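Please examine the structure shown below alongside its sequence. The paragraphs that follow lead the reader through some of its parts in turn.

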Amino acid sequence: KKGKPNVVMFVGLQGNGKTTTCVKYAHYHQRKGWKTALVCADTFRAGAFDQLKQNATKARIPFYGSYTETDPVKLAMEGVNRFKLDKFELIIVDTSGRHKQEKALFEEMEQMSEAVNPNDIIFVMDSSIGQAAEDQAKAFRSSVSVGSVIVTKLDGHAKGGGALSAVSGTGSPITFIGIGEHMTDFEPFNTQSFVGRLLGLGDISGLMNMINEADIDKEVYERIAEGHFTLRDMRDQFENIGKLGPLSSVMTMLPHMQNLLPAGKGKEGEERVKQFMVIMDSMTDAELDNPKIQFTTEREMSTQVLVLPQQKAPNIRIAEGTIE
């Protein structure tokens, strides 16, 4: 609740993006008007404080940590108490990443939880670890009271099925998902949107929200909301891609479009979008505005539409992929 200090402790496996997620979580709430702060209590991983310090400075979020103190529980208590005195509303504690077999680290996590008495404990998990998520989630749940789950790295083609196992293992809901490396690539979890992405059906409602927040042409917004999506609309969205975030994230929101961008092929995907733009720039108004128009191989468009920069011959497959 705003107006009083709320302590949130992040736990999870090492390498799951926990520290980055802490900063994204703080930044998200800061944009909503919360007075947020970060505490680095990870003394196990080398460079943890440097990472949090760099990201927090970039996001302009106050932080607390130490290069010399080796007691993570003491660090957490000092940081939380300091920010409580300064009337911060949301104090986020980043803990050491741990594995279910690391008993000492789990004991440390329990001690820290008792010391800072968090209002919520968030379990951060990687979307790609699959069924292993359930065993790990249960191990954390048996040590501390996990209140919610954040799923990271959903910008790739990892479908996040393990996220459902994690929810089952902790008995806690998924509250947010991470969809990219940038600070703003972080959004509240919506069941319908998540399942739509799992099934490759897209997330039009989520795209609508992004368009609205990015202050993009309201006519485009209304047309897509009514279910009208033409090649011209797609071209306009490609032009505004910078406002909407990573290309891979936007593609997953469009029904049946996510396979156009293979996993880990960001640069190639950007180049492919440029090729699509060249093709659409060569189309007539009727072709751009009529989603029911039939394209045939007899149409004499091959040389004019398909010859792309730095290509000696027309690329029929690229054009077919755009139309499909």
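**Aromatic rings, sheet and helices**

In this predicted model, F186 has a relative accessible area of 7%, and the residue is therefore buried, since buried means under 20%. F176 is likewise buried, at a relative accessible area of 10%.

These two residues also form a ring pair. A pair of aromatic rings is described by the distance of the centres and the angle of the planes. The structure holds eight aromatic pairs. In the pair of F176 and F186, the ring centres are 4.8 Å apart and the planes are at 10 degrees, so the pair is stacked; planes under 30 degrees apart count as stacked. F176 belongs to strand β7 (residues 174–178) and F186 to strand β8, so the pair ties together parts that are 10 residues apart in sequence. Ring pairs also join F176 and F186 with F10, Y25 and Y28 in a cluster.

The strands just named lead to the sheet. Strands of a sheet pair through backbone hydrogen bonds, either parallel or antiparallel. Here eight strands make up an open sheet with mixed pairing, in the order β3-β2-β4-β1-β5-β6-β7-β8. Its edge strands are β3 (63–64) and β8 (186–188), each of which pairs on one side only. Strands β1 (residues 6–12) and β5 (residues 120–126) run parallel and are joined by five bridges. For V11, the bridge partner in β5 is F123.

Helix α3 (residues 72–85) touches β1, β2 (36–40), β3 and β4 (90–94), and its direction makes about 165 degrees with that of β2. Helix α5 also packs on the sheet, where it touches β1 and β5; the direction of α5 makes about 160 degrees with that of β5.

How far apart are the end C-alpha atoms of helix α5? Helix α5 (residues 132–143) has 12 residues and, at 1.5 Å a residue, should span 16 Å; the end C-alpha atoms are 18 Å apart, which agrees. Within α5, the residues A133, Q136, A137, A139, F140 and S143 are buried. They cover an arc of only 160 degrees around the axis, which puts them on the same side of α5.

A last stop is A286, which is placed in helix α14 (residues 285–289). With a relative accessible area of 47%, A286 is partly exposed. The C-alpha atoms of A286 and R232 are separated by 9.9 Å, while the two residues are 54 residues apart along the chain.

Key:
Residues are numbered from 1 along each chain as its sequence is written. This is a predicted model: local features need pLDDT of at least 70, side-chain atom pairs count only at pLDDT 80 or more; totals for chains, interfaces and linings use all residues. Side-chain values use heavy atoms; hydrogens and water are left out. Helices (H or I, at least four residues) and strands (E, at least two) are DSSP runs, numbered from the N terminus. The expected span of a helix is 1.5 Å times one less than its number of residues. Buried means under 20% relative accessible area, exposed over 50%, partly exposed in between (1.4 Å probe, protein chains only). The arc is that of the directions from the helix axis to the C-beta atoms. Two strands pair if DSSP finds at least two bridges between them. Contact means heavy atoms within 4.5 Å. Axes are lines fitted to C-alpha atoms, for helices over the stretch in contact, and angles run from 0 to 180 degrees between N-to-C directions. Rings of Phe, Tyr and Trp (its six-membered ring) pair if their centres lie within 6.5 Å; planes under 30 degrees apart count as stacked, over 60 as edge-to-face and the rest as tilted.
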